[in-house]
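Let's take this one by asking how we know each thing we say about it. Have a look at the entry first.

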Amino acid sequence: MSFFKIKLLIISAILLAASSAFADFYEVTLDTSSLTGSSAYLYLQYTPVNGVASSATVFNFSTDGLLGAQDTVNVVNGSAVTGSLPGTVVLGNANGTNDYNHALTLGSIVDFIVYTANAANSTGTGGSTFSVGLFGDAAGLTPLLNVNGGLTAGTALMINQFDNGATSTLSLDSTATANATTPIPAAAWLLGSGIMGLAGLRRKQA
Amino acid sequence: MNFNKKHLLSLGLVSALTLLGTTAFAANLKKPYILYQMPNTTMTVLWQDDAVETNTLSWGTDTSYSTGTAQVAEETRPGTVNQHQYKITGLQPDTRYYYKVEGSAGGTLYGTGSFITAPDESAKSIRFIGQGDSRSQPFALNNLMKAVTGFIALPGNADYQRLAIANGDWVNSDADSNWVTEWFDNTKTDIRSYVASTPMDGVKGNHDNSSGYTTYYAKYYPNPYPTAAGALALKAGTTATYNNLFWSLDYGPVHVTYIDQYSSYAPGTAQYNWLVSDLAATTKPWKVVVFHASTYSAGSDGDDTNMRALEPIFAANNVDLTWHGHSHNYARAGAYTTSQAGGDSIALNVPHITSGGGGAPIYQPDLSNNGSWPHVITGWPSYEFMTFDVQDKTLTMTAYQVTNESTTAIVPLSANFPATDGTSNLFLEKIETTVLNHFTNVSNQVTATAGNIVYNRASKLYTGSLTVTNNGASALSGNLDVVLDGILYLQNIGTPSNMYSTASPKITSMVATRPASSKGNADPGLLTGVTLTNATGSNNGEPMIRVSSSGLASGASVTVPITFSNPNNAKITFNPVTYQE
């Protein structure tokens with residue numbers, strides 16, 4: 001098999017795995033340049049309302065700030081959350097809210113990719129919402145973005161995974177953007193690259 | 001002695017005896033009380049004295065009693081002795097009248113009272129009282145009726161005087177002695193004054209009944225039984241003992257169907273045939289079915305599981321409410337979905353309310369939904385009565401606990417009634433309010449979707465949005481509401497004193513475990529602990545939110561915020577049902 005064909009096969013497999021249920025990829029970017037140097041907590045949550053079983057996966061995390069320690073104290077329920085930044089974090093929706101909290105010193109940007117996936121229910125009347133918040137304290141009492149947002153203060157961005165398969169985004173702070181994307185995950189690139197490297201080595205050996 | 005002398009002597013003797021029978025011995029045994037027998041231009045007054053005499057009944061729109069008067073001889077119904085009954089006719093609907101009964105005109109006053117005639121048949125709004133299981137404890141019954149009278153006397157509540165419905169077990173057994181001591185004791189002045197001014201239209205219970213027959217309930221409460229349909233059937237060999245005490249009442253916008261569950265209601269019987277036609281024929285918008293022993297209650301008396309065979313008839317005829325007693329407490333049972341019903345025969349979305357705290361010894365409710373009493377939603381041990389308030393398309397029912405009851409003495413009302421005055425005097429506490437609406441379900445024309453939900457750790461609230469889209473070809477007009485079916489509406493549940501709880505420790509919550517579900521049923525029942533904090537109302541115990549006051553055009557959408565308190569962090573799940581008012 002040619003090297004090119006192997007590459008296509010690996011890419012196809014990755015895409016197929018990612019799209020076996022309804023899944024949408026979004027690149028989330030927070031422009032934190034006005035807060036550079038501030039101590040902060042990045043608060044992620046995946047909250048269902050009438051939602052079927054679903055998850056939100058955060059990966060490809062990057063920042064020019066300094067990532068601190070994960071906080072497991074000031075979360076409502078992390079039992080359905082696995083992983084830790086800068087690695088992959090997977091938030092399920094088994095509870096009323098499923099949340100993750102991580103300290104960092106802000107630089108000018110926070111960026112990651114999130115994809116949501118569920119077994120879509122065509123008659124669904126709700127879904128689950130992935131949201132990103134930025135707070136000045138671990139307990140979430142001091143919002144840094146969307147400061148005057150009332151009951152959503154601190155929450156910068158929401159991505160809805162509806163049970164009927166549709167998704168939507170809602171930006172509550174001008175510094176937060178979410179762009180739909182269909183990237184090959186960096187980790188998968190590494191994996192794919194590694195496999196291709198091995199294939200090239202074998203070919204060479206052969 | 002010649003004929004003339006003999007004649008004169010006998011006349012004199014008769015006269016003397018008559019004189020003795022009236023002025024010397026005549027007294028009022030059972031003070032006047034009233035009964036509404038329809039139509040709305042009438043009211044029936046009943047009383048009993050202890051001699052053969054003709055009494056005088058006078059009535060009017062004030063205490064000059066100048067509208068009318070009647071000389072009322074003893075009635076001739078079998079089994080009645082010295083009893084009087086008079087149906088005043090020619091009255092104006094929806095009008096307050098006063099009446100008095102005298103031994104004779106200007107003679108001994110037997111009693112006075114007042115009443116409000118039934119409303120116009122086209123009335124869309126009406127209010128009335130409900131209570132049941134008054135038996136066995138006349139002091140408790142007296143105190144309860146004192147509290148009801150006090151409630152009616154509160155500003156804005158006068159309208160509740162007009163009618164009371166009762167769900168049975170009026171006395172401990174079918175014997176005149178029980179009626180004398182438990183219902184007609186003239187020393188129980190609050191009972192006497194209440195029934196003199198509020199007609200109590202009801203049904204018999206098992207205690208009023210002896211092997212399916214009753215003498216004294218039928219005697220003292222001669223409801224307008226549809227005898228042509230087979231009601232009021234005489235027991236063979238008797239002259240005043242009956243079964244088949246089924247009947248129905250129209251009162252403004254409400255149709256009340258009374259089922260005698262101690263007479264056969266099997267398919268093909270007179271009662272069954274009548275029930276089916278009665279419910280189908282009524283054109284009244286509100287249908288209430290009343291019987292004594294609940295099909296679904298919280299115990300501790302057993303449910304009448306045989307009567308569950310009638311639930312499909314209730315469902316087919318859009319019965320709004322089943323109302324009953326038998327268990328001496330308050331309870332609300334029901335199922336909203338076939339999953340919650342779990343195969344049980346129960347009319348869905350129909351509250352089955354037990355209101356049996358009218359004076360009899362209190363029974364403790366079973367809120368486990370894991371035993372003999374399924375589909376319980378709420379329950380509370382209490383002396384209680386209920387109010388019913390129909391305002392066109394909305395029926396509001398409230399159960400009130402009478403706190404500081406006594407079974408051994410008459411207790412005064414609180415100086416701050418209905419609130420407590422800090423003493424052991426009687427006062428009222430809300431147990432629960434349940435609201436029913438006759439709105440049009442338009443869910444097949446719209447989609448309602450929830451989203452954008454986020455938890456705020458500072459406020460400890462969940463906020464999201466609810467979007468309703470009109471997918472139909474036609475516009476929807478007026479108020480549109482969405483009911484969050486599957487969530488228990490907690491805001492209408494009160495916090496009454498648990499003084500009547502005998503559990504150890506005392507019961508503190510009236511919310512059942514897995515409300516509306518049942519033993520062995522995997523359905524978790526209604527979601528408790530989740531509160532829609534910006535609800536604009538409720539429907540049958542579930543929260544409701546107004547999404548539009550100006551309708552929704554075809555193809556248009558409207559989005560409203562929804563906010564939840566959810567301290568247990570439960571997964572919020574509901575079925576949005578959209579209604580057009």
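**How do you know that?**

Q: Which residue stands opposite A:Ile159 in β11(A)?
A: It's A:Thr169 that stands opposite A:Ile159 in β11(A). Before going on, some housekeeping: residues are numbered from 1 along each chain as its sequence is written, while chains are lettered from A and ligands numbered from 1 in the order in which they are written. The model is predicted, with local features needing pLDDT of at least 70 and side-chain atom pairs counting only at pLDDT 80 or more, while totals for chains, interfaces and linings use all residues.

Q: What makes β10(A) and strand β11 of chain A a pair, and how do they run?
A: 5 bridges join β10(A) to β11 (residues 167–171), and the two run antiparallel. Pairing takes at least two bridges found by DSSP, so these strands qualify. Strands here are DSSP runs of E of at least two residues, helices are runs of H or I of at least four, and both are numbered from the N terminus. The hairpin of β10(A) and β11(A) has 4 residues between the strands, and A:Gly165 takes a positive phi near 100° there.

Q: What makes A:Asn146 count as buried?
A: A:Asn146 has 21 C-beta neighbours inside 10 Å. Buried calls for 20 or more other C-beta atoms within 10 Å of the residue's own (12 or fewer is exposed, in between is partly exposed, and C-beta atoms are placed from the backbone). That puts A:Asn146 in the buried class. A:Asn146 also has a positive phi of about 50° although it isn't a glycine, and it lies in the loop between β9 and β10 of chain A.

Q: How do you know whether B:His375 is buried or exposed?
A: Count again: 29 other C-beta atoms lie within 10 Å, so B:His375 is buried. B:His375 is not a glycine either, yet has a positive phi of about 65°. Its place is in the loop between β18 (352–355) and β19 (376–380) of chain B.

Q: Why is strand β16 of chain B called largely enclosed by the rest of the structure?
A: Because 5 of the 5 residues of β16 (residues 321–325) are buried. B:Leu321, B:Trp323 and B:Gly325 point one way from β16(B), B:Thr322 and B:His324 the other way, and all are buried. Strand β15 (residues 286–293) of chain B pairs with β16(B) in the parallel sense over 4 bridges, and B:Ala293 has B:Gly325 as its bridge partner.

Q: Which residues touch the most other members of the largest nonpolar core?
A: They are A:Ala40, A:Val114, A:Leu157, B:Val45, B:Leu144, B:Val290 and B:Val482, in a core of 194 residues. A nonpolar core is a set of buried Ala, Val, Leu, Ile, Met, Phe, Trp, Tyr and Cys residues joined through C-beta atoms within 7 Å. β2(A) gives the largest share of this core, 7 residues. Beyond four places away in sequence, B:Val290 touches several residues, among them B:Ile165, B:Val256 and B:Trp323.

Q: How many residues does each chain put into the contact?
A: Chain A gives 25 residues and chain B gives 26 residues. Contact means that C-beta atoms, placed from the backbone, lie within 7 Å. On chain A's side, the elements giving two or more residues are β2 (39–49), β9 (127–135) and β10 (155–162).

Q: How do you know how chain B is divided into domains?
A: The bounds come from an automatic or database domain assignment, which gives domain 1 (119–437) and domain 2 (440–489 + 529–580). Their C-alpha centres lie 34 Å apart. 8 residues of domain 1 of chain B are in contact with 6 residues of domain 2 of chain B.

Key:
Two residues are in contact if their C-beta atoms, placed from the backbone, lie within 7 Å.
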